[in-house]
Amino acid sequence: MAQLYYRYSTMNAGKSTEVIKVAHNYEERGKNVLVLTSGLDDRYELGTVTSRIGITHPAVCVFEDTNILELFCQENEKQKIDCILVDECQFLKKHHVQELAEIVDSFDVPVLAYGLKNDFKNELFEGSYYFLVYADKIEEIKTICWCGRKATMVARVADGRIVKTGEQIVIGGNDMYVSLCRKHYNDGRLGETNS
């Protein structure tokens, strides 16, 4: 029986690498995957899941008005879809998460969604909130803070300092965001020399 999986972490935990790895495992066995990613994330080539370690996989961009259920049905008519993988799932809207849940329930196709849980202000993204509500399985992918503790926070950084105000969604990578443990997020330390 298929399930809706929500796998979350902070930045630099290998979520995109995991999406690409799972896609490869399915494809290597002759299975068809539908790989989705947010159309908001334009750091790399649109329509591509790109890992910081340099590997990529083609993907279909999801925009606010995309109906994932319709998209799935169109693709499933062309070739049977065995699994749906979603990168940057925090950027999805409530209706997207509901559509993915409908695919799991009505078509018995597993959906594995990867993304951030909380933003730089420690508030849930809309997609993250609804994955927490609808997912059958919720799993944390762990990464560490500079101090070695588990990183649970994503800090937005400007001019060497943590920023805790601004728009929720500002696309960026290592130049703008860093994963920290709660202690160092709260005290603003970005490293041993930063105090």
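In this predicted model, Phe72 is buried, since its relative accessible area is 0%, a value under the 20% limit used for that class. Phe107, by contrast, has a relative accessible area of 36% and is therefore classed as partly exposed.

Tyr6 and Tyr8 are both buried. Phe72 and Phe107 form another aromatic pair, which is edge-to-face, with a centre-to-centre distance of 5.0 Å and an angle of 65 degrees between the planes. This pair links distant parts of the chain: Phe72 belongs to helix α2 (residues 68-78) and Phe107 to helix α3, and the two residues are 35 apart. Aromatic residues are also grouped beyond the level of pairs, as Tyr6, Tyr8 and Phe131 make up one aromatic cluster.

Charged side chains were also found over aromatic rings. The charged end of Arg7 sits over the ring of Tyr5, at 5.1 Å from the ring centre. The charged end of Lys164 sits over the ring of Tyr185, where the distance to the ring centre is 4.2 Å.

The backbone was examined next. Most residues other than glycine have a negative phi. Glu88 has a positive phi, near 55 degrees, and is not a glycine. This residue is located in the loop that runs between β6 (83-87) and α3 (94-107). Because its relative accessibility is 11%, Glu88 counts as buried. Asp159 likewise is not a glycine and has a positive phi, of about 55 degrees. Its position is in the loop between β9 (153-158) and β10 (161-163). With a relative accessibility of 83%, Asp159 counts as exposed, because the limit for that class is over 50%. Positive phi values are thus present both in a buried residue, Glu88, and in an exposed one, Asp159.

Finally, the second largest pocket was characterised. The space within this pocket amounts to about 200 Å³. Its lining consists of 16 residues, and those nearest the centre are Leu40, Phe91, Leu92, Lys93 and Ile169. Grouped by class, the lining of the second largest pocket comprises seven nonpolar, six polar and three charged residues.

Note on methods:
Residues numbered from 1 in each chain as written. Predicted model: local features only at pLDDT ≥ 70, side-chain atom pairs only at ≥ 80, totals over all residues. Heavy atoms only, no water. 1 Å grid on protein atoms, 1.4 Å probe; cavity = no way out; pocket = protein on both sides within 12 Å on 5 of 7 lines; lining within 4 Å. Points joined across faces, edges and corners; volume = space filled by probe spheres on them. Nonpolar A, V, L, I, M, F, W, Y, C, P; charged D, E, K, R; others polar. Helix = DSSP H or I, 4+ residues; strand = E, 2+ residues; numbered from the N terminus. Buried < 20%, exposed > 50% of the residue type's maximum accessible area, 1.4 Å probe, protein only. Phe/Tyr/Trp six-rings, centres within 6.5 Å; stacked < 30°, edge-to-face > 60°. Lys NZ or Arg CZ within 6 Å of the ring centre and 35° of its normal.
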